[in-house]
Amino acid sequence: MVKKRACVFISGSGTNLREIIRSSRDYSFPVKVCLVVSNNKKAKGIIFAKKFSIPFICISTSKYKFEKTILKKLFEYKIDIICLAGFMKILSKKFIRNFKGKIINIHPSLLPKYKGLNTFQRALKSNEKLTGCTVHFVNEKLDSGKIIIKKKVNIYKDDNIETLKKKVQFEEYRAYSSAIRKIYNLN
Ligand code: GRF
């Protein structure tokens, strides 16, 4: 099987990156992580790129410079799909148009509910009984592209931001790999 070439964008702890890399080590998984991009030099997740000998780039400059540099690298590495995993910068419309239908993101809520930040806090405040995560295509509007997969998580009375985050992240790891398989018709 010829694997598609993925680039994962991160800004922080990179645990989703770690899980995508783990999945990609299976010969039947449709993508190989060929490049990791971080907009934050201190992102802990870079450790996973190093651990698995994956080339990585850290650029914490202006959006314009960041995108210009990254775009070159994406072509150089012949990247087929970009996976945003805890990437905290909003990409420009121009950048997104360049990779139309080839950028996916993971969001910690059941979209279309709770787009944007502080999703756990907002779900708890609204007394939701259910939350979860969503993997979706990225379009020009924040957290609004076509949904690929959602995974639900129950919210119990004694849950707080931390417990909820832990439960949702656990589901995220499965969701991201399933979504990638689904995109390439392997589910
Ligand atoms: C995840 O919870 C994801 O939903 C959100 O940012 C978090 C990233 O975590 N977009 P990590 O960097 O993958 O550990």
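Q: Which residues have the most contacts inside the largest nonpolar core?
A: In this predicted model, the largest nonpolar core has 36 residues. H6 gives the most to this core, with six residues. Apart from it lies another core, of 21 residues, with Ile79 and Phe87 among them. Inside the largest core, the residues with the most contacts are Val135 and Tyr176.

Q: Is H1 parallel or oblique to H6?
A: The axes of helix H1 (residues 15-24) and helix H6 (residues 161-183) are 9 Å apart, and the helices pack at an angle of about 45°. Angles under 35 degrees count as roughly parallel, and 65 to 115 as roughly perpendicular. H1 is therefore oblique to H6.

Q: How many charged residues are in the contact of H1 with H6?
A: From H1, the residues that meet H6 include Arg18, Glu19 and Ile20. On the H6 side, Glu172, Tyr173 and Tyr176 are among them. By class, the contact has four nonpolar residues, five polar and, as charged residues, three.

Q: Where is the residue that a cis peptide bond joins to Leu111?
A: Leu111 is joined to Pro112 by a cis peptide bond, with omega about 15°. Pro112 has its place in the loop between strand S5 (103-107) and helix H5 (119-125).

Q: Is Asp143 buried or exposed?
A: Asp143 is in the loop between strand S6 (130-137) and strand S7 (147-154). Its relative accessible area is 9%, and under 20% counts as buried. Asp143 is therefore buried.

Note on methods:
Residues are numbered from 1 along each chain as its sequence is written. This is a predicted model: local features need pLDDT of at least 70, side-chain atom pairs count only at pLDDT 80 or more; totals for chains, interfaces and linings use all residues. Side-chain values use heavy atoms; hydrogens and water are left out. Axes are lines fitted to C-alpha atoms, for helices over the stretch in contact, and angles run from 0 to 180 degrees between N-to-C directions. Helices (H or I, at least four residues) and strands (E, at least two) are DSSP runs, numbered from the N terminus. Angles under 35 degrees count as roughly parallel, over 145 as roughly antiparallel, 65 to 115 as roughly perpendicular and the rest as oblique. Contact means heavy atoms within 4.5 Å. Ala, Val, Leu, Ile, Met, Phe, Trp, Tyr, Cys and Pro count as nonpolar, Asp, Glu, Lys and Arg as charged, and the others, Gly among them, as polar. A nonpolar core is a set of buried Ala, Val, Leu, Ile, Met, Phe, Trp, Tyr and Cys residues joined through side-chain atoms within 4.5 Å. Buried means under 20% relative accessible area, exposed over 50%, partly exposed in between (1.4 Å probe, protein chains only).
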